[in-house]
Amino acid sequence: MSSAQLIISLTIVIYLAAINILTFCVYGADKRRAKIQGARRVPEKTLFALALLLGSAGALLGMRVFHHKTRHWYFRFGIPAILFCQIAAGVFVYMRFFAA
């Protein structure tokens, strides 16, 4: 593996870790706010946007840990579908550009 590929790989890993931790924390914060009457909530568009920005693993984990947005069908099926597509795209990119 060349040094450029190593830098790219490390950057991707750091980004994925950061976006998934952020997404997980946002799901937790929104669940906490949901219990407070009149508290300002995180819009559902933002929750989906974080998942689309490669934070779908953090979103799915946040849904499971905080039991948040599990009754909405579009979260229950949408977030795993996004995660599946992202994994498939990641495997494709890895096989195409990084595999020997």
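Modeller: The count comes to four aromatic pairs, taking rings of Phe, Tyr and Trp (its six-membered ring) as paired if their centres lie within 6.5 Å. The model is a predicted one, in which local features need pLDDT of at least 70 and side-chain atom pairs count only at pLDDT 80 or more, while totals for chains, interfaces and linings use all residues. Residues are numbered from 1 along each chain as its sequence is written, and side-chain values use heavy atoms, without hydrogens or water.

One of the pairs joins F24 and F66, with ring centres 4.9 Å apart and planes at 40 degrees, so this pair is tilted (under 30 degrees would be stacked, over 60 edge-to-face, and the rest are tilted). F24 sits in helix α1 and F66 in helix α2, so to speak a link between distant parts of the chain, with 42 residues from one to the other. Helix α1 covers residues 3-34, and helix α2 covers residues 44-66.

These two helices belong to a protein with three helices and zero strands (DSSP runs, H or I of at least four residues for helices and E of at least two for strands, numbered from the N terminus). Along the sequence the pattern reads α-α-α, and the C-alpha trace spans about 55 × 25 × 20 Å along its principal axes.

Helix α1 also meets helix α3, residues 73-98: their axes come within 13 Å and cross at roughly 175 degrees. The axes are lines fitted to C-alpha atoms over the stretch in contact, with angles from 0 to 180 degrees between N-to-C directions. That crossing makes α1 roughly antiparallel to α3 (over 145 degrees; under 35 is roughly parallel, 65 to 115 roughly perpendicular, the rest oblique). On the α1 side the contact (heavy atoms within 4.5 Å) is made by Q5, I8, S9 and Y27, and on the α3 side by F75, I79, F97 and F98. By class, six of these residues are nonpolar, two are polar and none is charged (Ala, Val, Leu, Ile, Met, Phe, Trp, Tyr, Cys and Pro are nonpolar, Asp, Glu, Lys and Arg charged, the others, Gly among them, polar).

Helix α3 also holds L83. Apart from its neighbours within four places in sequence, L83 is in contact with S56, A57 and L60. M63 lies 20 residues from L83 along the chain, and the C-alpha atoms of the two are separated by 13 Å.
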